[in-house]
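Dear colleague,

Please find below the structure for your records. My notes on it follow directly after.

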Amino acid sequence: QVPLVESGGGLVQAGGSLRLSCAASGRAFHRNDMGWFRQAPGKEREFVAAINWSGGITYYADSVKGRFTISRDNAKNTVYLQMNGLKPEDTAVYYCAAPPIGTFNSRNYYLPRTYDYWGQGTQVTVSS
């Protein structure tokens with residue numbers, strides 16, 4: 001298992017920035033690909049960004065490309081989501097997630113069902 005704990009959410013004005021962190025426990029974190037998803041009230045959970053185990057491959061949803069950056073520090077067992085240029089439509093609960101090792105690929109990184117381990121979520125609210 002990969003217990004995950006998100007932090008860094010909050011209330012910010014449109015155009016502002018936040019950095020989310022996801023701390024993972026477990027000795028195998030450096031082998032885990034990771035993803036960020038979000039869910040707004042009344043909507044389905046949607047993919048935001050993903051990063052492979054080494055940090056060398058990243059993926060982004062079109063809606064956040066150019067504004068959000070996913071990164072990781074394997075020495076700290078932490079993955080980050082830097083969010084710049086926030087918009088009211090970015091308001092949601094943000095979750096980090098990890099798939100079983102070896103199952104993540106270019107065809108499934110955006111699917112919630114790819115991921116077995118989820119954090120509890122952190123609320124991001126962007127005011128207009």
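D90 has a relative accessibility of 1% and therefore counts as buried (under 20% relative accessible area, with exposed over 50% and partly exposed in between; 1.4 Å probe, protein chains only). The model is a predicted one, in which local features need pLDDT of at least 70, side-chain atom pairs count only at pLDDT 80 or more, and totals for chains, interfaces and linings use all residues. Residues are numbered from 1 along each chain as its sequence is written, and side-chain values use heavy atoms, with hydrogens and water left out.

D90 lies in the loop that runs between β8 (78-83) and β9 (92-98); strands are DSSP runs (E, at least two residues), numbered from the N terminus. Leaving aside residues up to four places away in sequence, D90 touches R38, R67, F68, G85, V124 and V126 (contact: heavy atoms within 4.5 Å).

The count of disulfides (cysteine sulfur atoms within 2.5 Å) comes to one. It joins C22 and C96, with the sulfur atoms 2.0 Å apart. The S-S torsion of C22 and C96 is about 55°, so this disulfide is right-handed. The pair links distant parts of the chain, as C22 in β3 (residues 18-24) and C96 in β9 are 74 residues apart. Both C22 and C96 are buried.

An open sheet of four strands has the order β1-β3-β8-β7, with antiparallel pairing (at least two DSSP bridges between two strands). Its edge strands, β1 (4-7) and β7 (68-73), each pair on one side only. β1 and β3 pair over four bridges in the antiparallel sense, and V5 stands opposite A23 in β3.

Kind regards
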